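Here's a quick briefing to read alongside the model. Have the viewer open and follow the side chains as you go.

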Amino acid sequence: MRQKNNNELLVKQSVILKDHSYQIPETGNIGKGLFFGMLISIPLWISFFGWLRIIITFIGK
């Protein structure tokens, strides 16, 4: 890379990062994930069908 006002050649030095060895954290338990997913999704589906029933009731009248 050359600068406009200078004929010197600029050399970029590469930075060598230290090789850090670290442990990969444990991944989640699939059973626990499914359990908490069901705890969240079942009430959402119940409320969805409840709202759908309310809307259909008001449209039908």
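Let's start with Phe 36: its relative accessibility is 46%, so the residue counts as partly exposed. Keep in mind that this is a predicted model.

**Aromatic pairs**
- How many aromatic pairs turn up in a search of the whole structure? The count is 4.
- Among them is the pair of Phe 35 and Phe 36, with ring centres 5.3 Å apart and 70° between the planes, an edge-to-face arrangement.
- Trp 45 and Phe 48 make another edge-to-face pair, because their planes sit at 90°, with the centres 5.7 Å apart. The cut-off behind that label is an angle over 60 degrees, for rings whose centres lie within 6.5 Å.
- Why are Trp 45 and Phe 48 about one helical turn apart? They are 3 residues apart in helix α1, so about one turn separates them.
- Trp 45 and Phe 48 also belong to a cluster with Phe 49, held together in the sense that ring pairs link these residues.

**Exposure of the rings**
- Is Trp 45 buried or exposed? Trp 45 is exposed, at a relative accessible area of 51%.
- Phe 48 comes in at 44% relative accessibility and therefore counts as partly exposed.

**Nonpolar surface patch**
- Phe 35 and Phe 36 show up again in a nonpolar patch on the surface, alongside Leu 39, Ile 40 and Leu 44.
- Taken together, the patch residues have about 530 Å² of accessible area.

**The helix**
- Phe 35 sits in helix α1, which covers residues 30-60 and has 31 residues.
- From first C-alpha to last, α1 reaches 44 Å, close to the 45 Å expected at 1.5 Å a residue.
- At the start of α1, Asn 29 places a side-chain oxygen within 3.2 Å of the backbone nitrogen of Gly 31.

**Whole protein**
- What does the secondary structure come to? You get 1 helix and 0 strands.
- Of the 61 residues in the protein, 0% are buried.
- The protein exposes about 7,000 Å², and carbon and sulfur atoms supply 65% of that area.

How values were computed: Residues are numbered from 1 along each chain as its sequence is written. This is a predicted model: local features need pLDDT of at least 70, side-chain atom pairs count only at pLDDT 80 or more; totals for chains, interfaces and linings use all residues. Side-chain values use heavy atoms; hydrogens and water are left out. Helices (H or I, at least four residues) and strands (E, at least two) are DSSP runs, numbered from the N terminus. Buried means under 20% relative accessible area, exposed over 50%, partly exposed in between (1.4 Å probe, protein chains only). Accessible areas come from the Shrake-Rupley method with a 1.4 Å probe; for residues, only the protein chains shown count as cover. The expected span of a helix is 1.5 Å times one less than its number of residues. A polar contact is a pair of N or O atoms within 3.5 Å; within protein, one must be able to donate a hydrogen and the other to accept it, and residues adjacent in sequence count only if both atoms are side-chain atoms. Patches are made of residues with over 30% relative accessible area and no salt bridge: like charges are joined within 9 Å, nonpolar side chains (Val, Leu, Ile, Met, Phe, Trp, Tyr) within 5 Å. A salt bridge is a side-chain nitrogen of Lys or Arg within 4 Å of a carboxyl oxygen of Asp or Glu. Rings of Phe, Tyr and Trp (its six-membered ring) pair if their centres lie within 6.5 Å; planes under 30 degrees apart count as stacked, over 60 as edge-to-face and the rest as tilted.
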